[in-house]
There are 2 protein chains.
Amino acid sequence: MKIGEMARVTSTRVETVRYYEQIGLLPPPARTAGNYRAYDEDHLARLSFIRRARDLGFSLDAVRELLDLANDRIADCAAVDALASQHLADIDRKMVDLARLRERLASLIDSCAGGVITDCRILEALEPGAPSGSTASRGERDA
Amino acid sequence: MKIGEMARVTSTRVETVRYYEQIGLLPPPARTAGNYRAYDEDHLARLSFIRRARDLGFSLDAVRELLDLANDRIADCAAVDALASQHLADIDRKMVDLARLRERLASLIDSCAGGVITDCRILEALEPGAPSGSTASRGERDA
DNA sequence: TATGCACCCTGAAGTCACTAGAGGGTCAAG
DNA sequence: CTTGACCCTCTAGTGACTTCAGGGTGCATA
């Protein structure tokens, strides 16, 4: 299987597949006479795994750990659970942050009654003298 | 005002202030005899504006547009509103994506009953042969 | 046989919004 | 006169890719 086909069936871009090889996430495949990458079923399985984990929002580092765990069939499932649970907690934190942000922005937009810039409530809220948003999470943003 | 003080009052890191100057978001200030940056009130106002907008999740490009609009006092407030509304829509999309992700991940974690890796439901779901998540948003992820 | 076209290759640089580090200079206090 | 906080420039690193330049391969068609 050439890179294009493998990319297609896994809904990955060709460049991304090569990138995964470059960072050691996907082992280098055999090559054809013409120097094309020739993938087998193991590569396909591994790339599918990576894609599914990425779709669930796991970082490449987490994916690497999951792959290691998956290969170590004696290891404890709890390790996988811990990784996933931590990721879930991250997502929950992000959702809370986003919700707060959303409310601040929405109320700003609500206060806009049109007209010229000079009277723009949105800009006013950004300008100095205005109270900074009470729920601002300074310092850490949208990691 | 030296860079450290301005960074402090705007809750920005010194490096970030220099970075904003480097990318042209903040005009280069005067320098003292010792080559220290010497900021005035205009710089402070502009940096505050940038910080507030960033706290609301606007990209640096969007911040640049907002600053341009704020300077063009004849322009229509609708332009600001459009920028903000588009940003709000982005946030809403992100929240929906995150919520979907969260549910998929949570149900995966729920299905984990402990035990050894061989029986790990979480890994099973990632492995080929498993149905890919029905709500996967392939192609665009967590922009 | 030539040519076009889709596909493949490498290596380097660009994206976003910073952050970190090396290696040094300035300035006020003690 | 030294200590220490602060400042300077320049460069490179982060994550997860994407894009680009400059080519090579392989198959079908004129």
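## Close-up views of a predicted model

**View 1. Helix 4 against helix 5 within chain A.** A62(A), E65(A), L66(A) and L69(A) of helix 4 of chain A meet A79(A), V80(A), L83(A) and H87(A) of helix 5 of chain A. By class, this contact holds 6 nonpolar, 1 polar and 1 charged residues. The model shown here and in the other views is predicted. Helix 4 of chain A covers residues 60-71, and helix 5 of chain A covers residues 77-110. Their axes come within 10 Å and cross at roughly 160°. Angles over 145 degrees count as roughly antiparallel. Helix 4 and helix 5 of chain A are therefore roughly antiparallel to each other. The crossing of helix 4 past helix 5 in chain A is left-handed.

**View 2. Helix 5 of chain A against helix 5 of chain B.** In chain B, helix 5 spans residues 77-110. The axes of helix 5 of chain A and helix 5 of chain B come within 9 Å. They cross at roughly 155°. The two helices are therefore roughly antiparallel to each other. Helix 5 of chain A passes helix 5 of chain B in a left-handed crossing. The contact of these two helices has 22 nonpolar, 4 polar and 8 charged residues.

**View 3. Helix 3 against helix 4 within chain B.** Helix 3 of chain B runs over residues 41-55. Its axis and that of helix 4 of chain B come within 10 Å and cross at roughly 130°. That angle makes helix 3 of chain B oblique to helix 4 of chain B. The crossing of helix 3 of chain B past helix 4 of chain B is right-handed. On the helix 3 side of chain B, the contact is made by F49(B), I50(B), A53(B) and R54(B). On the helix 4 side of chain B, V63(B), L66(B) and L67(B) take part. The contact of helix 3 with helix 4 in chain B divides into 6 nonpolar, no polar and 1 charged residues.

**View 4. The protein surface near DNA strand C.** DNA strand C is surrounded by 21 residues. The closest are G4(A) and R37(A) from chain A, with G34(B), S59(B) and L60(B) from chain B. In chain A, helix 1 (3-9) and helix 2 (14-22) each supply at least two residues of this surface. The residues near DNA strand C divide into 6 nonpolar, 7 polar and 8 charged.

**View 5. The protein surface near DNA strand D.** 21 residues surround DNA strand D. The closest are G34(A), S59(A) and L60(A) from chain A, with G4(B) and R37(B) from chain B. Helix 2 and helix 4 of chain A each supply at least two residues of this surface. So do helix 1 (3-9) and helix 2 of chain B. By class, the surface near DNA strand D has 6 nonpolar, 7 polar and 8 charged residues.

**View 6. Model confidence along chain A.** Chain A averages a pLDDT of 85, and 84% of its residues score at least 70. Strand 2 of chain A, residues 37-38, has the highest confidence in the chain, at 98. Helix 6 of chain A, residues 121-126, has the lowest, at a mean of 81. Over residues 133-143 of chain A, pLDDT stays under 50. The model has 10 contacts beyond four places in sequence for residues 133-143 of chain A. The model scores ipTM 0.80 and pTM 0.82.

Key: Residues are numbered from 1 along each chain as its sequence is written. Chains are lettered from A and ligands numbered from 1 in the order in which they are written. This is a predicted model: local features need pLDDT of at least 70, side-chain atom pairs count only at pLDDT 80 or more; totals for chains, interfaces and linings use all residues. A residue is near a molecule or strand if its C-beta atom, placed from the backbone, lies within 6 Å of it. Helices (H or I, at least four residues) and strands (E, at least two) are DSSP runs, numbered from the N terminus. Ala, Val, Leu, Ile, Met, Phe, Trp, Tyr, Cys and Pro count as nonpolar, Asp, Glu, Lys and Arg as charged, and the others, Gly among them, as polar. pLDDT is the predictor's confidence in each residue, from 0 to 100. Two residues are in contact if their C-beta atoms, placed from the backbone, lie within 7 Å. Axes are lines fitted to C-alpha atoms, for helices over the stretch in contact, and angles run from 0 to 180 degrees between N-to-C directions. Angles under 35 degrees count as roughly parallel, over 145 as roughly antiparallel, 65 to 115 as roughly perpendicular and the rest as oblique. A crossing is left-handed if the near helix is turned anticlockwise from the far one by less than a right angle, and right-handed if clockwise.
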